[in-house]
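Hi there,

Here is the structure I promised to pass on.

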Amino acid sequence: MKLAILSREPKLYSTTRLVEAAEQRGHEALVVDHLHCNLVLEKGKPDIIYQGHRLTGVDAIIPRIGASVTFYGCAVVRQFEMMKVRTAVESQAIVRSRDKLRSMQILARAGVGMPKTAFTNYSDEVAEMIEQVGGAPVIIKLLEGTQGLGVVLAESAKAAQSVIEAFHNLKARIIVQEFIAESKGADLRAFVVNGEVVGAMKRQGKEGEFRSNLHRGGTGVLVKLTRAEKAAALLAAKSLGLGIAGVDMLQSKRGPLVLEVNSSPGLEGIEKATGLDIAGKIIEYTAEIAQKKKSKAKSKAALAALPDNQPDLPR
């Protein structure tokens, strides 16, 4: 198979591991910077021009789309879909997961447990909003924030009101969530590939830090998920339509609570914490969906090649 990995940084751990895993399994791996793809739109002839040449012969793609380039990255993935190239993560699923509010609405509708969350259109009723999620302390998050950036812990109602009003004055979209004290600055990251949890780690924030993101100095260790935690991770990924997902959850008194579902989860933390070949699982899944397409195409070609004057089969 010829697999294209959509990544802006060929030397990143996740990108190099995917290339390595693909080559180990006998596939050709091509790293494509999606921001340097030109999209050609014509009736029945969608094309992608990359480095001055038409990008052809690709069996499947693995999108690694950063949050800051979601719009153009998803446009490139959509162009591949128009060219009948299989993708490990569909463009619409990436769009869903990147919109925090929309993704939480979808998760809530699907019955996924999550912290109580409030959103408003710059309402003046800030005190009421804080009470709607159980009162202080509360977590305040920018809708566009990633990797723990744009996340504030307000320990008192007064502090929460000040932060919310400041964000509102800046016309920044935020959500307010209840603070789950029993999680003690830790969360779970479940890595889902093709409807299966292929690895999980517990991330613990550094001393005095309520955010457990590895980018913020947190540490990750191997963990065995409970049945309820596995079920929550799988339901979250399925409800957003993600073939590959990193599902972040908090452990609480009322069971696992999903915080976020990442459509381009990093591999370094999970592979180092678990010692598992997560990149290999992604490549095997991608090759499998590409093979299914090839098999289907061969079957159609075989049927089309049959002569029209075939005798009727006996009944």
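How many bridges join β15 to strand β16? There are seven, and the two strands run antiparallel. Before I go further, please keep in mind that this is a predicted model.

Let me stay with β15 for a moment. This strand covers residues 244-252, and β16 covers residues 255-262. A hairpin of two residues links β15 to β16, and within the pair M249 sits opposite V258 of β16. β15 also pairs with strand β12 (residues 186-193), again in the antiparallel sense, this time over six bridges. There, R189 stands opposite D248 in β15. Eight of the nine residues of β15 are buried, so the strand is largely enclosed by the rest of the structure.

Of its 315 residues, 46% count as buried. If we take contacts between residues at least 6 apart in sequence, 66% of them join residues at least 24 apart.

Next, a four-stranded sheet. It is open, its order is β8-β11-β9-β10, and the pairing is antiparallel. β8 (117-119) and β10 (151-154) are at the edges with a single partner strand each, so one side of each has no neighbour in the sheet. On average, neighbouring strands here are turned by 25° against each other, direction ignored. Strand β9 (residues 138-142) is joined to β10 by four bridges, and I140 has V152 as its bridge partner in β10. Helix α6 (residues 157-169) packs on this sheet, where it touches β9, β10 and β11 (174-178). The direction of α6 makes about 10° with that of β9.

Last, a pair of helices. As a reminder, two packed helices are described by the angle between their axes and the distance between the axes. For helix α4 (residues 100-110) and helix α7 (residues 227-239), the axes come within 9 Å and cross at roughly 120°. That angle makes α4 oblique to α7, and the crossing is right-handed. On the α4 side the contact is made by I106, L107 and A110, and on the α7 side by L235, A236 and S239. Sorted by class, this contact has five nonpolar residues, one polar residue and no charged ones.

Happy to go through any of this with you on screen.

Best wishes

Definitions and conventions
Residues are numbered from 1 along each chain as its sequence is written. This is a predicted model: local features need pLDDT of at least 70, side-chain atom pairs count only at pLDDT 80 or more; totals for chains, interfaces and linings use all residues. Side-chain values use heavy atoms; hydrogens and water are left out. Two strands pair if DSSP finds at least two bridges between them. Axes are lines fitted to C-alpha atoms, for helices over the stretch in contact, and angles run from 0 to 180 degrees between N-to-C directions. Contact means heavy atoms within 4.5 Å. Angles under 35 degrees count as roughly parallel, over 145 as roughly antiparallel, 65 to 115 as roughly perpendicular and the rest as oblique. A crossing is left-handed if the near helix is turned anticlockwise from the far one by less than a right angle, and right-handed if clockwise. Ala, Val, Leu, Ile, Met, Phe, Trp, Tyr, Cys and Pro count as nonpolar, Asp, Glu, Lys and Arg as charged, and the others, Gly among them, as polar. Buried means under 20% relative accessible area, exposed over 50%, partly exposed in between (1.4 Å probe, protein chains only).
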